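Welcome, and thanks for taking a look at this one with me. Please open the model below, and then we can walk through a few of its features together.

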Amino acid sequence: MTFHIGAKPGEIAETVLLPGDPYRARWAAQTFLKDARLINEVRGMLGYTGTWQGHPVTIHGTGMGMSSLSIYVNELIRDYGAQTLIRIGSAGAMQPQVKVRDVVLAMSACTLTAPSNGIFKELNFAPTAHFGLLKAAWDAAERLGVPTHAGTIYSSQLFYDERPDLQEQLQRHGALCVEMEAAELYTLAARYGRRALAVLTISDHLLTEEALPADQRERSFGDMVEIALHAAFA
Ligand SMILES: Nc1nc2c(nc(Br)n2[C@@H]2O[C@H](CO)[C@@H](O)[C@H]2O)c(=O)[nH]1
């Protein structure tokens with residue numbers, strides 16, 4: 001057990017899916033895993049371990065924001081030996097061709113500031129997805145017929161962002177969507193030599209102001225989890 005995760009050694013699989021919302025971890029575990037069992041509930045950040053097609057899988061919440069994700073991903077890697085970490089999250093679309101319910105695979109993730117800035121100082125590190133996972137996720141999305149986009153995204157530190165100028169430049173340079181976790185996941189995976197990918201479902205749109213009704217979120221999120229699981233074990 002670590003400072004923030006109560007799981008015993010061996011209770012967390014090498015493959016970990018990471019939703020921000022702990023209740024989505026519970027839903028995904030109950031929906032997709034066989035023999036899912038609760039392995040963490042410290043501070044209500046639920047984590048479950050079970051199997052998918054015979055493979056051990058853990059699904060663990062990260063909370064909202066890169067600082068919260070950093071706590072859980074550091075401990076999952078350093079204390080439990082996680083090797084493949086796939087964020088299954090939601091995001092806000094920033095391009096007209098990206099529609100609500102679509103899936104976005106984050107090839108890279110831009111930030112204004114991030115927890116790891118202190119390490120890099122003036123260096124602009126490029127947080128990037130593991131190519132093998134990205135390709136496998138893209139192929140799985142095609143097989144499943146899920147409308148999917150791949151490109152750079154924006155990992156913000158704020159939900160109530162006071163920088164419309166930043167959003168304008170990000171849109172101008174093709175950022176597909178905004179969320180608040182992927183960049184730090186990719187940076188930590190690079191630091192520890194692990195595989196990481198963010199598979200995101202678009203649940204709101206910054207241009208059209210459309211939002212996915214709560215009752216439709218679950219089905220849409222199912223596609224994302226399927227894609228992540230197929231990618232992890234391709
Ligand atoms: N900053 C930001 N985060 C978003 C947005 N839409 C979604 Br879903 N998110 C994600 O949802 C949570 C905030 O509601 C964070 O964990 C983000 O990753 C958005 O329009 N902006």
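In which strand does Ile86 lie? Ile86 belongs to strand 5, which covers residues 84-93. Please keep in mind that this is a predicted model.

**Ile86 and its surroundings**

- Ile86 counts as buried because its relative accessibility is 0%.
- Leaving aside residues up to four places away in sequence, Ile86 touches Val16, Leu17, Leu18, Leu133, Leu197, Val199, Ala228 and Ala232.
- For a sense of distance, Asn40 is 46 residues from Ile86 in sequence, and their C-alpha atoms are 18 Å apart in space.

**The annotated domain**

- An unreviewed UniProt entry places the feature "domain: Nucleoside phosphorylase" at residues 16-216.
- In the model, that span of residues 16-216 is 32% helix and 31% strand, and its end C-alpha atoms lie 25 Å apart.

**Helix 6**

- Helix 6 runs over residues 182-192, and eight of its 11 residues are buried, so the helix is largely enclosed by the rest of the structure.
- The buried residues of helix 6 are Ala182, Ala183, Glu184, Leu185, Tyr186, Thr187, Leu188 and Ala189.
- Just after helix 6 comes Gly193, which takes a positive phi of about 65 degrees.

**Cysteines**

- How many disulfides does the structure hold? The count is zero.
- Cys110 is partly exposed, with a relative accessible area of 29%, whereas Cys177 is buried, with a relative accessible area of 0%.

**The largest pocket**

- The largest pocket has a volume of about 720 Å³.
- Its lining is made up of 29 residues, and those nearest the centre are Ser90, Phe159, Val178, Glu179 and Met180.
- Strand 5, helix 5 (164-172), strand 8 (177-179) and strand 9 (195-205) are the elements that give two or more residues to this lining.
- Sorted by class, the lining of the largest pocket has 12 nonpolar, nine charged and eight polar residues.

**The second largest pocket**

- The second largest pocket holds about 270 Å³ of space.
- It is lined by 17 residues, with Thr111, Asn117, Leu123, Asn124 and Phe125 closest to its centre.
- Which elements each supply at least two residues of the lining of the second largest pocket? They are helix 3 (117-120) and helix 6.
- Helix 6 gives the most to the lining of the second largest pocket, with three residues, and this is the helix with eight of its 11 residues buried.
- The lining of the second largest pocket divides into nine nonpolar, five polar and three charged residues.

Notes:
Residues numbered from 1 in each chain as written. Predicted model: local features only at pLDDT ≥ 70, side-chain atom pairs only at ≥ 80, totals over all residues. Heavy atoms only, no water. Helix = DSSP H or I, 4+ residues; strand = E, 2+ residues; numbered from the N terminus. Buried < 20%, exposed > 50% of the residue type's maximum accessible area, 1.4 Å probe, protein only. Contact = heavy atoms within 4.5 Å. UniProt positions renumbered as here; feature names shortened; annotations may be inferred. Disulfide = S-S within 2.5 Å. 1 Å grid on protein atoms, 1.4 Å probe; cavity = no way out; pocket = protein on both sides within 12 Å on 5 of 7 lines; lining within 4 Å. Points joined across faces, edges and corners; volume = space filled by probe spheres on them. Nonpolar A, V, L, I, M, F, W, Y, C, P; charged D, E, K, R; others polar.
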